[in-house]
Amino acid sequence: MEAYAGDPLQGLAESTAPNKAKLIAMLTQQLQLDVPPPARYFLWLRGVLGVFTGHLDLGVTRQSRSVLDEIAVAIPTTVKLLTVSTVLAIVLGITIGVISAIRQYSRLDYTMTFTVFLLFSLPIFWVAVLLKQFLALKFNDYLQDPRMDYLSIVIISAIIGVVLSGFISGSRRRVWITWGSSFLATAGLLIYIDKTRWVLNPGLGFIVIGLCGVGLAFGFTYIFAGMQNRKALYAGLTSALLSVVMYFPFQAMVGANANFILLIAVAILMLSVSYFVGYFFTEIDRGPVIQVSMLTAFLTSLLTVIDRIMQTWHKYLTDPAVDGRPVQTISPLNSLLKTNDFWMVTLDGAVHVALPTIALTLVAFSGYVRYARGSLLEVLNMDYIRTARAKGLAEREVILRHALRNAMIPLTTLIAFDIAGILGGAIITENVFGWHGMGSLFNIAIQTQDLKLLMGTFAITAFLAVMATLAADIIYSALDPRIRIGKK
Amino acid sequence: MKKKNNAEVESISVGENAIANRETEGLTQGQIIRRRFMQHKPAVAGLIFMIAFTIFMYSASGIHLGDEKNPINYQGWWPYTITQITAANGAGNPTWAHPLGLDRLHIDYFALVSRGAEISLMVMVIIGGLGGLLGTIMGAVSGFFGGWIDAVLMRFTDFIITIPAILIGAVIGFRVGNLGVFALAIFLGLFSWTGLARLVRGEFLTLREREFVDAARVAGASNIRIIFKHILPNAIGVIIVSVTLLLAGSILTETGLSYLGFGVQAPDVSLGTLINAYQAAFNNSPWLFWWPGVTIILIALSINFIGDGLRDAFDPRQKIRIKRRQLKLESAKTRPGK
């Protein structure tokens, strides 16, 4: 493949520079063009195999920079770009897919199926431009003068009402009640946001966080354990309480010089505390109780962090480098912003990554919905599900413990590949949004016929793909004891 | 959660079976599939749209084949071409004469979009056909013979999977020169059979163990005959569904490649190159940006729906959708008299 990707001397051969012959000779020597292609491949391979002796050498690019350095620069960018969207797509996609499968042939199912097909058919470069145009520019315009008219409040509330009532099953009356209450709640919230200019100086405050924590505790108890499981509810509420209590020390502890290691440490602390909360609340059937407790603690703490970022918003917005137009359409960071404040930098990264993340999530999400729905429906038709129902288990238990676990098996392959794909980069997305990650490196390599760069990025991606397949196989056999690797 | 009592559940399931049985009574497999497909409304809508759309787009510019000595020309019904600069004034807003407006060079935009759609459709069909054929053959041979043939073919498949489409586009662009869309489509097709091959292989692996294959072998059928006459018809559902999805994917691949500049090259237009050229024109002339994207979505969406309908039709385990009223009638009939 290497030799067929074009003639690197072509550009020079057509040039009219007086020192043409000399330049050609130099380039020939630099790129070892005097060695025939297969031999050149082995020279390259020797450098790659150096990985075992600790000297990985992928050669140099056309600009005489080390390929390894270029890749080392590109990888963090790409990881930043793709991690959030991949995780979001997996979580949202599987959740929606599962709901859609449980409510097969309901209004929600039909709507979701249609939406998913629509998203499936969207060319990402087109969506990206639309997002740039509508989300970024319009939102920035809106921030210049944050006032909503009543018509848009009504429309937004009505849409959110429709979405929320779609998740509710049952009689027509119940649907309308849900719609009405969510309509009123959203409208009230929007009017409050509008009147207080919340978008210019947002924040949640510990009361809202506390309420959300309690709501999360109830919600997760309902989903994972059932309301009659009081132990789970109490464990969830305790975790929520603990997280809210953490609010003040957290605010005091993290100043401008915070860093990610500190945040991760806090997260691990919260998770282990909530694990023990769940552990000590009950002695039998600890699983769901611990799940409720940990999820509540994690999300409530996440809200605390988001609150801290929101407090930086005003400062960020009024910074001369931002000038009240925060959502950016290109490049991963604002180079004009001169600050060492950890929260400012984080927020800056967040507003830059927002658009590509939305675009990538939209496209990747639909696949997960499709697969999760299909695989859960298949499992729900199995005999052991009938057995589980027949022995009188609650529908929640049947779905969460019997069906979902088995439905997840085929999805692990997809997840493993997508996670490996994070480092491969997203060529088109990076191109549209002007990021310089692995995808754009690959693109540049092809466009400038830079073989070493091409082979280097290619080798890394291929290596990751192989690792992903291996990981998927191992997870597969762990999840499904019937599968044995290496035996027929 | 609503609880149904046992008798009701039983009578409903009896009702479901009765309806399902009556619907398939006395029909051949093909008729059942066709009927199930026809019941899938979005799929039928997609199919009708695709046929109408293809005819509409291809008849717009007419057919121009043959070389310079013996040209075969059928003038289409649309008066403008992609090279003809019209005499209209202004910014090129959509008018009655030019419903999709004009581009920057005052070329009729409908002509450009329909040419792009034609190319996308053609590329799609070639990739789908070639990929489907190669994938079926590879998968069939690999799954049927097994052993070292299987191992070699599957490693070869793994190797092909790692080659990204963008690289193929680039290699064709630089090495072969601009051979036009046709060569691009063929090369892309040569590399797009991998997913299907794996699916077909899996299908063959299970089917070749079945009794009817043993029966055919005992009766003295050759390998070729067993593959084509006995196993392939049983795997055709998987193949058709997968090829439809390949079609929908390949239009996105082609437009994506063209968007990046590796696909369809300059004198020809593709929906991807149109979007790339006019993505900055959003504020002044939004129609230049909207139409190519909408066209891509329409094509891909209707093909996806057709694929979904086919999957439902071919899958025997698929629960058929039964209207609630029909079910009530049925369970009233079978319920023991009270």
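Two residues are in contact here if their C-beta atoms, placed from the backbone, lie within 7 Å. This is a predicted model, where local features need pLDDT of at least 70 and side-chain atom pairs count only at pLDDT 80 or more, while totals for chains, interfaces and linings use all residues. Residues are numbered from 1 along each chain as its sequence is written, and chains are lettered from A, with ligands numbered from 1, in the order in which they are written.

**View 1. Ala388(A) and its contacts.** Ala388(A) sits in helix H15, residues 383-390 of chain A (helices are DSSP runs of H or I, at least four residues, and strands are runs of E, at least two, numbered from the N terminus). Skip the neighbours within four places in sequence, and Ala388(A) is in contact with Leu393(A), Val398(A) and His402(A).

**View 2. How exposed is Ala388(A)?** Ala388(A) counts as partly exposed because it has 19 C-beta neighbours inside 10 Å; buried takes 20 or more other C-beta atoms within 10 Å, exposed 12 or fewer, and partly exposed is in between, with C-beta atoms placed from the backbone. Ile399(A), eleven residues away in sequence, lies 9.6 Å from Ala388(A), C-alpha to C-alpha.

**View 3. Where chain A touches chain B.** The contact takes 23 residues from chain A and 27 residues from chain B. On the chain A side, the elements giving two or more residues include helix H5 (107-120) and helix H19 (451-479). H6(A) has the largest share of that side, with four residues.

**View 4. Inside chain B.** Chain B has 13 helices and two strands. Of its 338 residues, 38% count as buried.
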